Amino acid sequence: MGDSSSDDENAWVFYKDRPEWKDVDPVPQDDGNADIAAIRYTAKFKDVYDYFRAVLTKQEKSERALQLTKDAAELNPANYTVWQFRRDILKALNKDLYEELEYSQHIIDEHPKNYQVWHHRRVLVEWLKDASKELHLTELILNDDAKNYHAWQHRQWAIKTFNLFENELAYVDQLIQDDIRNNSAWNQRYFVINNTSGFTCEVLKSEIKYTLEKIKIAKENESAWNYLRGLLLHDKEGLSKNETVTNYCEELYSSGNRSPFLLAFLVDMCDEQVSQGGGDMRYTLERAEELCNSLANQYDKIRTKYWQYMAEKIKNKAEGKSEPSPPSDDS
Amino acid sequence: MRKQNANISMAATLRKFEDLKNEKFNEEDQITVTSEEQIQVERSVQEIFRSFRLRCDIDSNLPKLLRWEHIQALKHWLTFLPPGYKSLDASRTWICYWILHSLSLLEVKLSDDLKDSLVDFLKRCQCSDGGFGGGPGQMAHTATTYAAVCALCIIGTQKAYDAINRDKLQQFLCDVKTEDGAFCMHRGGEIDIRGVYCALAVATLTNISTEKLFEGTAEWVISCQTYEGGFSGCPGLEAHGGYAFCGLASLLLLNKGHLCDVDALLRWIVNKQMKFEGGFQGRTNKLVDGCYSFWQGGAFPLIHSLLAQENKEPKWLLFDQGALQEYILICCQYPAGGLLDKPGRPRDIYHTCYALSGLSIAQHSIDGEKLILGSPENKLAKTHPIYNIGPDYVLRAGSYYSKLDIPGNEPSFL
Ligand SMILES: [Zn+2]
């Protein structure tokens, strides 16, 4: 591995043996007498952190302390106290933040799922008011793991704060082409539209078209179905009145497809129709029951209890509509 | 008829192995990274299910909770962690909580000496300016504070309760609160929905909560509910099991559960249970993971209570409790003790805690009914689905701290 600190383990000089640190008394960890959650630290770890505690206690904001925080952070990048103190020193010494930005990229590369390193990066970008490298950095990380939550969080923040929406939809589209099931990419699609054009009638129309085409490719892809629902949240008519969607679903059903997500969608359409009243209530109700039964017993058995609950819920709703408050009858 | 009797225990039955092949991922000729990874996990799980069935034919007591092994591993970890655990050096109060909660689920009593040692250590993690750090000498952090407070409530002695400096804890929470009602993880730290949950959990447990402290918080949490129905870490991000738990539990602690779209949340979360593996995934189209047994599973009793408020109370918890127990007991137990994310991954303390917590949730239905897969000896103690510590510990902390004044609540003329 390219971790220089472990490669040089033999060449490592302990802080306690460094003449330039002679003036500092190391501060051992105040653990008490009992061993509780006691980590058997290596000699190097203990040495570095004994000196880190010393500079932290003294609030020594110096070049050597800055170097020390680097050693401490590399031994445990999840130590938020180390990072916070490092930022305090960077500020106090008025350090070149672009150099630090470079360093943070290396450490993110090594620990892409660590909260602290991403937060460090974000503070640096805030201080610099320069997010010109953030899209590239997050793309590098997402190349390795297209669903890395931290990378998406950083990317969304940078895009929103510095208005970098311009090419994002194209990037999202590329990711969905690479992996149609990448839910993070679908979520990003929603994020971009929500923060730019908004879900206007026109946008809704073209997004519905886009999504239905993707569903055609993989009908059991939950991400696309969920996105479709997300779109219809913005349709004032609701879930069940959009003709394009309704026709598509009915055709898919008639063609014999029994994707659980299709059936679930049809159930929710029935549910909505029952809530709104009107139409052939008896037919809607029978259909909802039939769909829920086939989901519960055949197409989505892991969710049997949910589908039974839905069937009952819709039935109760319909009964509540037709006869005003019937006496409750526990069956 | 609804069963109203408490303590009804039923045996859960294993799903039929032959039926499970219909539950596998349908790739639909679209080979992508997601489908390849999913199919690989299903293969390894299938292999484990298959060999399990063979052993089942000989031993009708299976699947068996490796109670003794887990207890041994946990007790060992409580005092001794190898150098590889250095990455958790800023999470040592978490280690205490994970182990203490796991042991309490396994119904292990702690000696008085051990309790005193634990309190002594946790006090050393408390900061002079309020809250707890991950270890002695570290800054206060909302998550390690949550862990420390929960650990102290589990210990539950007078010394443990008195260890918490409540005035300063409240000051810490005030300091990390943001203008829009959210909470930072530490002074100068990142903001996400974990901060809200941890702040609310410790403030309510120790009776330091004020209306002002959580002004605007419910609205911020609601802004994290996504179009999928789950909650994200911050507004705009993807719905995620860990954050969804934090969001939902926070709303319930604020008594504002009705503000979220419960139907959408329910729809999202039921779909996070994997039809083949039986466990939960954290996000749409991601892989099963033992820790989501709690983060997702634990949300069901909470959703249940919300639906009950709306007079839509279901007759049962709305996930497949037996299938989740299958995944945890058959796929997530390490033979020498401890539990794990998924087959092939190493065991660790975090997954031990949350897989056991999820198992407890799956075993205990509503109204005191139990649904136990395998021998009745597999039964774990109950957990409180909001705080994830034993319900008795919540009650006892509540009755202790309710006798004390809420700091900062005296009349002010400023
Ligand atoms: Zn996990």
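Colleague: Which residue in strand 2 of chain B is the bridge partner of B:Ser9?

Modeller: The model is a predicted one. In strand 2 of chain B, B:Ser9 has B:Lys370 as its bridge partner. Strand 1 (residues 9-12) of chain B pairs with strand 2 of chain B in the parallel sense, over four bridges.

Colleague: Which way do the residues of strand 2 of chain B point, and are they buried or exposed?

Modeller: Strand 2 of chain B covers residues 370-373. From this strand B:Lys370 and B:Ile372 point one way, while B:Leu371 and B:Leu373 point the other way. All of these residues are buried, that is, under 20% relative accessible area.

Colleague: What feature does UniProt place at residues 65-389 of chain B?

Modeller: The UniProt record, an unreviewed entry, gives "domain: Prenyltransferase alpha-alpha toroid" for residues 65-389 of chain B. In the model, this span is 47% helix and 1% strand, and its end C-alpha atoms are 20 Å apart.

Colleague: How should I read the area buried between chain B and chain A?

Modeller: The size of an interface is often expressed as the accessible area that is lost when the parts come together. Here the area buried between chain B and chain A is about 6600 Å². Carbon and sulfur atoms give 50% of that area. In terms of residues, 89 of chain B are in contact with 66 of chain A.

Colleague: How many residue pairs are in polar contact between the chains, and which helices of chain B supply residues to the side that touches chain A?

Modeller: Between chain B and chain A, 48 residue pairs are in polar contact, counting pairs with both residues at pLDDT 80 or more. Several helices of chain B each supply at least two residues of the side that touches chain A, among them helix 2 (33-58), helix 5 (112-125) and helix 15 (321-331). The largest share of that side, six residues, comes from helix 5 of chain B.

Colleague: How many salt bridges does the rule find across this interface?

Modeller: The rule finds six salt bridges across the interface of chain B and chain A. One salt bridge joins B:Lys315 to A:Glu312, with the closest N and O atoms 3.0 Å apart. Over all chains, the structure holds 39 salt bridges.

Colleague: Where do A:Arg155 and A:Glu168 lie?

Modeller: These two side chains, A:Arg155 and A:Glu168, meet in a salt bridge at 2.7 Å, N to O. A:Arg155 belongs to helix 8 (residues 149-162) of chain A and A:Glu168 to helix 9 (residues 168-178) of chain A, so the pair ties together parts that are 13 residues apart in sequence. Both A:Arg155 and A:Glu168 are buried.

Colleague: How many residues apart are B:Glu47 and B:Arg50?

Modeller: They are three residues apart in helix 2 of chain B, about one turn of the helix. The side chains of B:Glu47 and B:Arg50 meet in a salt bridge of 3.6 Å, N to O. B:Glu47 is partly exposed at 44% relative accessibility, and B:Arg50 is partly exposed at 38%.

Colleague: Which residues do salt bridges with shared partners join into one network?

Modeller: That network consists of A:Asp271, A:Lys313, A:Lys317, B:Asp263, B:Glu310 and B:Lys312.

How values were computed. Residues are numbered from 1 along each chain as its sequence is written. Chains are lettered from A and ligands numbered from 1 in the order in which they are written. This is a predicted model: local features need pLDDT of at least 70, side-chain atom pairs count only at pLDDT 80 or more; totals for chains, interfaces and linings use all residues. Side-chain values use heavy atoms; hydrogens and water are left out. UniProt positions are given in the numbering used here, feature names are shortened, and annotations may be inferred rather than shown by experiment. Buried means under 20% relative accessible area, exposed over 50%, partly exposed in between (1.4 Å probe, protein chains only). Two strands pair if DSSP finds at least two bridges between them. Contact means heavy atoms within 4.5 Å. Buried area is the accessible area (1.4 Å probe) that two parts lose on being put together, summed over both. A salt bridge is a side-chain nitrogen of Lys or Arg within 4 Å of a carboxyl oxygen of Asp or Glu. A polar contact is a pair of N or O atoms within 3.5 Å; within protein, one must be able to donate a hydrogen and the other to accept it, and residues adjacent in sequence count only if both atoms are side-chain atoms.
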